[in-house]
Amino acid sequence: MSHAITVLSPRDLPGCLRLAQDREWSREEDKWRLLFEVGTGYGVRDDAGELIGSAVLTRYGTEAAAVSMVLVARRHGGRGIGRALMTHVLAQAGDATVFLNATGYGRPLYEKLGFVQVGVTHTHTGHLAPTRVEPSTRPARPDDLPAIRRLDAQANGADRTDVLDRLPDFAERLHVLERHGRVTGYAGVWRNPDHAVVGPVIADDTDDAIALIVGLARETDGPLRLDLDGRHPQLRAWATQHGVTEWFTTDVMVHDGRPLPGDRERWFVPLMQALG
Ligand SMILES: CC(C)(COP(=O)(O)OP(=O)(O)OC[C@H]1O[C@@H](n2cnc3c(N)ncnc32)[C@H](O)[C@@H]1OP(=O)(O)O)[C@@H](O)C(=O)NCCC(=O)NCCS
């Protein structure tokens with residue numbers, strides 16, 4: 001059966017939120033809004049015009065592209081809508097390296113379409129125990145933006161200007177770490193309905209990543225969420241010891257198993273799973 005796929009607009013936001021609720025995903029209105037600004041949403045509707053399937057593709061230049069918000073309403077599951085949306089999104093992505101974070105529900109579909117697991121994201125949550133670390137970090141200023149862009153491009157190997165331009169407004173706060181007068185790391189924290197979500201964290205090493213997380217947490221109320229990249233077990237151990245413990249994991253998958261661009265050793269936490 002063929003499923004007509006249309007481009008979504010911000011007017012579809014209520015439909016997206018109903019779809020997310022149907023799959024017991026949190027009501028992340030600000031996140032959907034950001035994704036519509038930096039990416040393209042695709043949808044499938046039922047005969048009454050209600051959104052019953054979604055996927056968002058965010059392109060970073062021609063290098064890389066992130067897929068997110070792959071959702072099919074429960075009552076329409078297993079009828080090929082997820083496959084149709086993903087096939088469409090892959091065609092739109094052209095030659096870019098296409099990556100995503102897969103839940104257990106999505107993984108069988110992605111494997112059938114040629115995605116290969118290249119890593120694991122460990123989602124930790126909790127209240128960070130008070131802790132003192134060196135060096136201290138400071139709030140980012142507008143004149144730090146060129147350094148933030150440089151660090152982000154090194155770690156991600158792709159042009160994320162559209163996302164980074166919106167980050168100062170989207171994030172609750174951004175911090176940078178300076179060594180010898182040079183910005184060598186940056187991190188942000190933003191809100192979803194349940195947590196203060198720390199991300200991205202880009203740093204030279206685990207100690208600097210910890211310094212950035214602690215600097216942000218010190219000024220942030222409520223439980224934290226950290227989506228920790230599996231390459232850095234020491235950071236996961238530190239988070240666990242300090243009260244931010246593992247909640248669930250997702251699989252990082254790349255289409256055709258291509259290597260992700262960029263210097264991933266410096267990449268500790270994505271901005272969000274939907275964007276990398
Ligand atoms: C994942 C999801 C989008 C799939 O949508 P769907 O419309 O039900 O999927 P489809 O009917 O297109 O099925 C796609 C393929 O995956 C296969 N598949 C789906 N679930 C499977 C499972 N648990 N085990 C094995 N294969 C499975 C189907 O057999 C089908 O294969 P085929 O096309 O070769 O026949 C849907 O289950 C969903 O919204 N889940 C909750 C949200 C979620 O976790 N999304 C993924 C985020 S990463």
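Q: Where does the largest pocket lie relative to domain 1 and domain 2?
A: This is a predicted model. The chain is divided into domain 1 (6-115) and domain 2 (123-269). Both domains give residues to the lining of the largest pocket, so the pocket lies between them.

Q: Which residues are closest to the centre of the largest pocket?
A: The largest pocket has a volume of about 1300 Å³. Its lining counts 45 residues. Those closest to the centre are Trp25, Val70, Leu71, Thr103 and Tyr105.

Q: Which strand gives the most to the lining of the largest pocket?
A: Several elements each supply at least two lining residues, among them helix H3 (81-93), strand S5 (97-102), helix H4 (107-112) and strand S12 (245-255). Strand S4 (64-72) and strand S11 (224-229) also belong to this group. With six residues, the one that gives the most is S4.

Q: What area is buried between domain 1 and domain 2?
A: The domain centres, taken over C-alpha atoms, are separated by 25 Å. Contacts link 28 residues of domain 1 with 24 residues of domain 2. Carbon and sulfur atoms give 61% of the buried area. That area is about 2200 Å².

Q: Which three residues supply 23% of the area that domain 1 buries against domain 2?
A: The share is taken over what domain 1 buries against domain 2.

Q: How far apart are the closest N and O atoms of the salt bridge between Asp251 and Arg107?
A: The rule finds two salt bridges across the interface of domain 1 and domain 2. The cut-off for such a pair is 4 Å. Asp251 and Arg107 form a salt bridge, and their closest N and O atoms are apart by 2.7 Å.

Q: How much space lies in the largest cavity?
A: The structure holds one cavity of 30 Å³ or more. Its space is about 40 Å³.

Q: How many residues in the lining of the largest cavity are nonpolar?
A: Residues lining the largest cavity include Tyr60, Phe99, Asn156, Arg160 and Leu275. Domain 1 and domain 2 each provide at least three lining residues. Two lining residues are polar and two are charged. The nonpolar ones number five.

Methods:
Residues numbered from 1 in each chain as written. Predicted model: local features only at pLDDT ≥ 70, side-chain atom pairs only at ≥ 80, totals over all residues. Heavy atoms only, no water. 1 Å grid on protein atoms, 1.4 Å probe; cavity = no way out; pocket = protein on both sides within 12 Å on 5 of 7 lines; lining within 4 Å. Points joined across faces, edges and corners; volume = space filled by probe spheres on them. Helix = DSSP H or I, 4+ residues; strand = E, 2+ residues; numbered from the N terminus. Domains from an automatic or database assignment. Contact = heavy atoms within 4.5 Å. Buried area = accessible area lost by both parts, 1.4 Å probe. Salt bridge = Lys/Arg side-chain N within 4 Å of Asp/Glu carboxyl O. Nonpolar A, V, L, I, M, F, W, Y, C, P; charged D, E, K, R; others polar.
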